[in-house]
Amino acid sequence: MKRYLNVLQLFWSTALAAELEYRLNFLIAALSSLGNLVGSLFGLFLFYRTGYTFEGWSWEEALVILGIFTLLQGFAATLLSPNLNRIVNHVQQGTLDFILLKPISSQFWLSSRTLSPWGLPDLIFAGILLVYAGERLEVSWVNYLLGAVPLFFGLISLYSLWFILGATSIWFVKIYNVTEVLRGFLEAGRFPMVAYPAVYRFFFTFVVPVAFLTTIPAEVILGRGELVWVVGAAILALGLLLASGIFWRFALRFYTSASS
């Protein structure tokens, strides 16, 4: 474990040093994140401006959902996209050979080799939104800590799904469209699940687990989460994480080395 932590520190320090050579990109990323957030707030405002509310969700409570969704976007931009979207490049260019020969887990290497600071604005805006909504709703810090548990499980689930899709590049070289479909499904997480018809709620809970990423952590933060859903989030996260490792090892059986 200590060796992996040391490797992770080396990975991220060199990645940040390289990325920060282009500091103007941070300003561009901040403006882009701000524009996305304003667009999301406007879309939510269109529902609430006439007095309409999603069943059981006030304006401030819906902002909690949006804050968590924005945090997930920041997490994806910071860690998932810079790493997992490059798996296809490693397969195409044959550099996956060198990764497989390294004395550490190839899944760990592929998942954590780089870190992008351009997702930081989303994380900052998410924090501001959650604090603002929490102040209006008088949410205690204990609720935030409790909500961090299913949120952590949601991050693991999101990573695992993304990695499984990335691993399919062993067979299908062009997987960018597939990851975009996943990102499209995740867009549903910016609203509470009650905003959708029953069929869609079932789909976004048990097929593509969007509800476990945003709605369930938000309900725990608001003090009305149910233990069964938190346990379900834990089982889902651990199951997907285990499945990602098994699927990666299975995919490698079909990988043809560039040197073979």
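The exercises below, each with a worked solution, concern a predicted model of one protein chain.

**Exercise 1. Overall fold**

State how many helices and strands the protein chain has, and in what order they occur.

Solution. Step 1: the secondary structure amounts to 12 helices and zero strands. Step 2: reading along the sequence gives the pattern α-α-α-α-α-α-α-α-α-α-α-α.

**Exercise 2. Overall dimensions**

Decide whether the radius of gyration of the protein chain agrees or disagrees with that of a compact globule.

Solution. Step 1: for 260 residues, a compact globule would have a radius of gyration near 18 Å. Step 2: the protein chain has 19 Å, so the value agrees with that of such a globule. Step 3: along the principal axes, the box filled by the C-alpha atoms is roughly 65 × 40 × 35 Å.

**Exercise 3. Burial, surface and charge**

Describe the protein chain by its burial, its contacts, its accessible surface and its charged side chains.

Solution. Step 1: 47% of the 260 residues count as buried. Step 2: take the contacts between residues at least 6 apart in sequence; 80% of these join residues at least 24 apart. Step 3: the accessible surface is about 13,800 Å², and carbon and sulfur atoms account for 68% of it. Step 4: there are 15 positive and 13 negative side chains, with 12 Å between the centres of the two sets.

**Exercise 4. S112**

Is S112 buried or exposed, and which residues does it contact?

Solution. Step 1: S112 is located in helix α6, which covers residues 106–112. Step 2: its relative accessibility is 7%, and the cut-off for buried is under 20%, so S112 counts as buried. Step 3: a polar atom of the S112 side chain lies 2.6 Å from the backbone oxygen of F108. Step 4: with neighbours within four places in sequence left aside, S112 is in contact with L8, F11, W12 and N83.

**Exercise 5. From R136 to E138**

Solution. Step 2: the side chain of R136 makes a polar contact of 3.3 Å with the side chain of E60. Step 3: T179 is 43 residues from R136 along the chain, and their C-alpha atoms are 36 Å apart. Step 5: although E138 is not a glycine, its phi is positive, at about 60 degrees. Step 6: because its relative accessibility is 72%, E138 counts as exposed.

**Exercise 6. G154**

Which residues are in contact with G154, leaving aside neighbours within four places in sequence?

Solution. Step 1: G154 is part of helix α8, residues 141–167. Step 2: with 2% relative accessibility, G154 counts as buried. Step 3: its contacts, with those neighbours left aside, are F212 and L213. Step 4: F45 lies 109 residues from G154 in sequence, and the C-alpha to C-alpha distance is 26 Å.

**Exercise 7. E219**

Where is E219, and which residues does it touch beyond four places in sequence?

Solution. Step 1: E219 lies in helix α11, residues 215–221. Step 2: a relative accessible area of 23% makes E219 partly exposed. Step 3: not counting residues up to four places away in sequence, E219 touches W57, R224 and G225. Step 4: E187 is 32 residues from E219 in sequence and 18 Å away in space, C-alpha to C-alpha.

Notes: Residues numbered from 1 in each chain as written. Predicted model: local features only at pLDDT ≥ 70, side-chain atom pairs only at ≥ 80, totals over all residues. Heavy atoms only, no water. Helix = DSSP H or I, 4+ residues; strand = E, 2+ residues; numbered from the N terminus. Rg over C-alpha atoms; globule rule 2.2 N^0.38 Å. Buried < 20%, exposed > 50% of the residue type's maximum accessible area, 1.4 Å probe, protein only. Contact = heavy atoms within 4.5 Å. Areas by Shrake-Rupley, 256 points an atom, 1.4 Å probe, with all protein chains shown as cover. Lys, Arg positive; Asp, Glu negative; His and termini not counted. Charge placed at Lys NZ, Arg CZ, Asp CG, Glu CD. Polar contact = N/O pair within 3.5 Å; in protein donor to acceptor, adjacent residues only side chain to side chain.
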